[in-house]
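Dear colleague,

I am handing over the structure that we spoke about, and below it you will find my notes on what turned up. Please read them with the structure open beside you.

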Amino acid sequence: MYAIIAKREFYGPSTVRELVLGWSGRPEIFADKAVAKAVVRELDDEVYHLSHNESGRPPSTFHRVDRLARHFREEVARGA
């Protein structure tokens with residue numbers, strides 16, 4: 001299983017790493033690496049509106065759920 005993490009950079013500076021959520025507000029989980037990679041490409045092609053003080057489009061990367069930091073794995077478990 002794979003999840004997508006967005007790394008948002010803000011002036012100040014500060015960086016926030018967060019799981020990409022679906023329409024339900026739960027982390028999006030993908031069974032297949034190819035699907036996760038395709039979704040990252042779609043995210044990169046979509047129009048993105050910056051949040052207040054955000055310095056640019058966040059790069060999105062896909063990761064195996066079992067290799068995520070513990071707090072991300074716990075968030076995935078709560079959302080599943």
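**Notes on the structure**

Asn53 is found in the loop between helix H1 (33–45) and strand E4, where helices (H or I, at least four residues) and strands (E, at least two) are DSSP runs, numbered from the N terminus. Please keep in mind that this is a predicted model, in which local features need pLDDT of at least 70 and side-chain atom pairs count only at pLDDT 80 or more, while totals for chains, interfaces and linings use all residues. Residues are numbered from 1 along each chain as its sequence is written, and side-chain values use heavy atoms, with hydrogens and water left out.

To stay with Asn53 for a moment, its phi is near 70°, a positive value in a residue other than glycine. Asn53 has a relative accessibility of 38% and so counts as partly exposed, given that buried means under 20% relative accessible area, exposed over 50%, and partly exposed in between (1.4 Å probe, protein chains only).

Strand E1 (residues 2–10) has several partners, and two strands are said to pair if DSSP finds at least two bridges between them. With strand E2 (residues 14–19), E1 runs antiparallel and is joined by six bridges, and Ile5 stands opposite Leu19 in E2. Five bridges join E1 to strand E4 (residues 60–64), again in the antiparallel sense, and here Ile5 stands opposite Thr61. E1 also pairs with strand E3 (residues 29–30) in the antiparallel sense, over two bridges, with Tyr2 opposite Phe30. Seven of the nine residues of E1 are buried, so this strand is largely enclosed by the rest of the structure.

E1 and E2 form a hairpin with three residues between them, and Gly12 in the turn has a positive phi of about 150°. Pro13 also lies in the loop between E1 and E2, and the peptide bond from Gly12 to Pro13 is cis, with omega near -15°.

How many aromatic pairs does a search of the whole structure find? It finds one, where rings of Phe, Tyr and Trp (its six-membered ring) pair if their centres lie within 6.5 Å, and planes under 30 degrees apart count as stacked, over 60 as edge-to-face and the rest as tilted. The pair is formed by Tyr2 and Phe62, which are edge-to-face at 6.2 Å centre to centre, with 70° between the planes. It links distant parts of the chain, since Tyr2 is in E1 and Phe62 in E4, 60 residues apart. Tyr2 counts as buried because its relative accessibility is 15%, whereas Phe62, at 24%, is partly exposed.

With best wishes
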